[in-house]
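Please keep the structure in view while reading.

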Amino acid sequence: MRIKKNLTNKGKKRIYCGVAAILTAAALFCVPEYAAADELQLYAKAAVLMDADSGRVLYGKNAQEKLPMASTTKIMTCILALEYGNPDEIVEVSSYAASMPKVKLNVKSGENYYLRDLLYSLMLESHNDSAVVIAEAVGGSVEQFAAMMNQKARDIGCFDSYFITPNGLDAKVNDTGKVHSTTAADLAKIMAYCVTDSPEKEKFLEITRTQGYDFTDADGTRSFHCNNHNAFLGMMQEALSGKTGFTNNAGYCYVGAVESEGRVFTVALLACGWPNNRSYKWSDMKKLAVYGMERYQYRDIYEEQKFSDIPVRSGIAGKGGTPYEEAEVSVTLQAGEKSLPYLLCGDDRVEVKSRVEPVLDAPVAEGEQVGAVSYYLNGELIKSYAVCTDDAIEKRSFSWIFGYILKLAFFL
């Protein structure tokens, strides 16, 4: 870890000693290098390993290339239904929903189902007709639901994704030329949202981790059983969630999440082989999961800060101040809890830069920001804390000086 500071004059000797201690301790932060990123041989055309907590891409291969994503789309369909739908609602099947191609539940037009049951059909068996029933129930129509999907993508910072269908079937908007697509980076971020940030994350995990589910239609006339087709759940004990996908255009796709020692990683794989290479996605998923778990550990990079009082020009020095005294104001770092854990590997460089105004002009408000302490990881800003004043300082005005003189005259 390399620490860099820009400080006021006071207390530099103490800081220099502290930096030396930090540099010594930095050696302890290094973890063994198990594989360099360019040594990973992946089948996927595009792949991303992401720290779900920060959204940082830890490994990327064609991470920003827009590609079709097949049924991995359904993680967005599911999380929107959980956030905006009512699981206990009874929804009716339209003729359009019933017309979807395989893989399908084979629902029939006019039938009724509980929304919660269709979510298991969606995520365990990847039924295309269930996806459309859900979209029409939650969004009013497939088109309106697609608009919700695209808005949610933007809300969570995914600007290279475009959703047209709720099931991931290949689709194109003729008048714009846009196709149903995403990037590996966006898909990994959507999964990170589903398992760590969404208010419905626990329900999402419950559904996607269920091995088998039985239900009937709302009238109790037809019975169904769904098996979870996400084989990765049984391949690694750290497996948390995931969704498979395949179309002739997209090839095999997968998006998954693993959890180990408080760390959550998400992996997105696009165009990861075509028949008969169904197992390629499992190989890539395991390789990236192990790569992340072996290389990256949480380290607390927070550093205590001390600041000198700042001179305030033309300020009144306290309640009993005189025109001849220089006013000063104390400042405090607005950091909340004094801890900043971040997922790091041995190659990562952390810099802490401190900037505080050397002098202020009165008047100064209490709580006014006068500087910042910023944390940089490999040259990129990852966190910034404000440095704010503890008190208000009034300005020495003519009326205040005149009053001061009157007080002196009256006292004498």
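**Salt bridges and their surroundings**

In this predicted model, the structure holds 11 salt bridges. One of them links Lys 152 with Glu 83, and the closest N and O atoms of this pair are 2.9 Å apart. Lys 152 belongs to helix α6 (residues 142-155) and Glu 83 to helix α2, so the pair ties together parts that are 69 residues apart in sequence. Both partners are away from the surface: Lys 152 is buried, and Glu 83 is buried as well.

A second example lies within a single helix. The side chains of Lys 203 and Glu 206 meet in a salt bridge, with 3.2 Å from N to O. Both residues lie in helix α8 (residues 201-209), where they are 3 residues apart, about one turn of the helix. Lys 203 has a relative accessible area of 28% and is therefore partly exposed, since this class lies between 20% and 50%. Glu 206 also counts as partly exposed, at 42% relative accessibility.

Arg 263, by contrast, is buried, with a relative accessible area of 2%.

**A covered helix**

Attention may now turn to helix α7. This helix comprises 14 residues (184-197), which at 1.5 Å a residue should span 20 Å; its end C-alpha atoms are 19 Å apart, which agrees with that expectation. Of these 14 residues, 11 are buried, so α7 is largely enclosed by the rest of the structure. Among the buried residues of α7 are Asp 186, Leu 187, Ile 190, Met 191, Tyr 193 and Cys 194.

**A strand and its hairpin**

Strand β7 (residues 239-247) is mostly covered too, for 8 of its 9 residues are buried. Strand β7 pairs with strand β8 (residues 251-260) in the antiparallel sense, over 8 bridges. A hairpin of 3 residues joins β7 to β8. Within the pairing, Gly 242 stands opposite Gly 256 in β8. As a general point, the side chains of a regular strand alternate between the two faces of the sheet.

**A buried serine in a loop**

Ser 71 is found in the loop between β2 (57-61) and α2 (74-84). Ser 71 has a relative accessible area of 10% and is therefore buried, as this value is under 20%. A polar atom of the Ser 71 side chain lies 3.4 Å from the backbone oxygen of Asn 167. When neighbours within four places in sequence are left aside, the residues in contact with Ser 71 include Ser 126, Asn 128, Asn 167 and Gly 168, as well as Lys 243, Thr 244, Gly 245 and Phe 246.

**The protein as a whole**

The protein contains 10 helices and 18 strands. Buried residues make up 49% of its 412 residues. Of the contacts between residues at least 6 apart in sequence, 66% join residues at least 24 apart. The accessible surface of the protein comes to about 20,000 Å², and 49% of that surface belongs to carbon and sulfur atoms.

Notes. Residues are numbered from 1 along each chain as its sequence is written. This is a predicted model: local features need pLDDT of at least 70, side-chain atom pairs count only at pLDDT 80 or more; totals for chains, interfaces and linings use all residues. Side-chain values use heavy atoms; hydrogens and water are left out. Helices (H or I, at least four residues) and strands (E, at least two) are DSSP runs, numbered from the N terminus. Buried means under 20% relative accessible area, exposed over 50%, partly exposed in between (1.4 Å probe, protein chains only). A polar contact is a pair of N or O atoms within 3.5 Å; within protein, one must be able to donate a hydrogen and the other to accept it, and residues adjacent in sequence count only if both atoms are side-chain atoms. Contact means heavy atoms within 4.5 Å. The expected span of a helix is 1.5 Å times one less than its number of residues. A salt bridge is a side-chain nitrogen of Lys or Arg within 4 Å of a carboxyl oxygen of Asp or Glu. Accessible areas come from the Shrake-Rupley method with a 1.4 Å probe; for residues, only the protein chains shown count as cover. Two strands pair if DSSP finds at least two bridges between them.
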